[in-house]
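User: Please walk me through this structure in short questions and answers.

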Amino acid sequence: MNHSPRLWTVVGCSLLVASLGAGATACGSGDNNPLSARPYDADDEVAFNQSSGGRPVDPDRPLEVTAKKGDGRITDVSAVDTHGRHLAGELSAKGDRWHSTAPMAAGVRYTVTVGTEDERGAQGQRTLNFETTPAKKVVHIEFGPEAGKYGVGQPLTAELTEPVKDKAARAVIERGLVVESPGNVQGAWHWVDDKKLHFRPKDYWPANTEVSVRSNLEGIKIADGLYGAAAGSLKLEIGDRVEVTTDASSHYLTFKRNGEVINTIPVTTGKPGFSTRNGVKVVLGKQYFVQMRGDTVGIGGSEYYNLPVYYATRVTWSGEYVHAAPWSVGSQGYENVSHGCTGMSTGNAAWFYENISEGDIVRVINSIGDDMDPFGNGYGDWNLDWKEWREGSALLKGTQDGRSPVDAARLRPQV
């Protein structure tokens, strides 16, 4: 049973007495009203299974509070750690015992405040402070990408130092990772492997906003013998909504900013045998100059190349770029002659380079190439539909689509 509603009920009643005065009838009146008095010292009425100020205690040991006297009862228990996190617990129907229902955090100090009530209805209170032993084994979390400004397609990442395979342990981690974004944004974590998670919204991030992520896992038990460590937070600035669509069959690229088409560029994409991947890719970075060699991506023989390339925008780790290709200007807008990259004139590539940013969306359609992998070759996260994405979450897998309390807890609106 959650104690919070009971606590707010008592406070609300006390405030009502103060505002209505002695003549109030809602919560009683007169000097003899037990609720009008300050809580008395209830040290002799309750007992703890932990001692105050002693040696640090094992966080795996449940916290228990019991009423000593048969004529009094416990009305409320609040156990809060160093980081302001409340320990979940349950109070018996008789009010004679409260016990924690979740593991305590490791390496923290708890303040436990117990409210009591005697046979006359007088309110008592007792407070206990104790520390828990530090964890021997912890998992560190590093968020990505680096802080900065990104496009609306940029996923958040979380890298763990220890593998986590168990579904329940993964759920603990997801609950402890807090993403904040303006507006009514629905999002979820997806486990890429045992040590890596990605977070993305159902749709792209709202343009020109801020997104942040932090961990609330310090000291929290993740699995037997494994606890969360302190982690730094991360804040990203999201820019305009830039969406690029390259049609490999029409040989044209369309550049949209905030829903408006602002440029259409003739291009060439991968020729047969080297066809450009279909699907949504997220810009990984930009380089003014790259020396491109065929042998770095396994291309040799008669197809080998070694070319200086300018205005190169990278979209996969395996070497797919949007870049200047002055040697193929005659084919741009007419046929596909590249080894997989999207080529355009130097002037168009310079314009593209100046207007594209890391995290922006570059989508290829109507190519005869393979589909972009969701993971492992850049950010192909958006090639999974929302149902598939949710299946990668330990909290949301198998649940119905739509915004639920679980979804809301994973991504909080900024205020």
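**Aromatic pairs, cores and a buried threonine**

Analyst: Y310 has a relative accessible area of 36%, so Y310 is partly exposed. That class lies between buried (under 20% relative accessible area) and exposed (over 50%), with a 1.4 Å probe and protein chains only. This is a predicted model: local features need pLDDT of at least 70, side-chain atom pairs count only at pLDDT 80 or more, and totals for chains, interfaces and linings use all residues. Residues are numbered from 1 along each chain as its sequence is written, and side-chain values use heavy atoms, leaving out hydrogens and water.

User: Are the rings of F289 and Y310 stacked or tilted?

Analyst: Rings of Phe, Tyr and Trp (its six-membered ring) pair if their centres lie within 6.5 Å; planes under 30 degrees apart count as stacked, over 60 as edge-to-face and the rest as tilted. Here the centres are 5.2 Å apart and the planes of F289 and Y310 stand at 50°, so the pair is tilted.

User: Which strands does the pair of F289 and Y310 link?

Analyst: The two residues are 21 residues apart, in distant parts of the chain. Strands here are DSSP E runs of at least two residues, numbered from the N terminus. F289 is in β24 (residues 285-293) and Y310 in β25.

User: Which residues do ring pairs link into a cluster?

Analyst: F289 and Y310 both belong to the cluster.

User: Which residue lies over the face of Y353?

Analyst: A charge sits over a ring if NZ of Lys or CZ of Arg is within 6 Å of the ring centre and within 35 degrees of the ring normal. At 4.7 Å from the ring centre of Y353, the residue is K286.

User: Is T316 buried or exposed?

Analyst: T316 sits in the loop between β25 (306-314) and β26 (321-324). Its relative accessible area is 0%, so T316 is buried.

User: Which side chain makes a polar contact with the side chain of T316?

Analyst: A polar contact is a pair of N or O atoms within 3.5 Å; within protein, one must be able to donate a hydrogen and the other to accept it, and residues adjacent in sequence count only if both atoms are side-chain atoms. The T316 side chain also reaches the backbone nitrogen of G319 at 3.4 Å. The side-chain partner, at 3.2 Å, is S318.

User: How many residues are in the largest nonpolar core?

Analyst: A nonpolar core joins buried Ala, Val, Leu, Ile, Met, Phe, Trp, Tyr and Cys residues through side-chain atoms within 4.5 Å. W189 and W205 are among the members that touch the most others. The number of residues in this core is 42.

Technical notes: Helix = DSSP H or I, 4+ residues; strand = E, 2+ residues; numbered from the N terminus.
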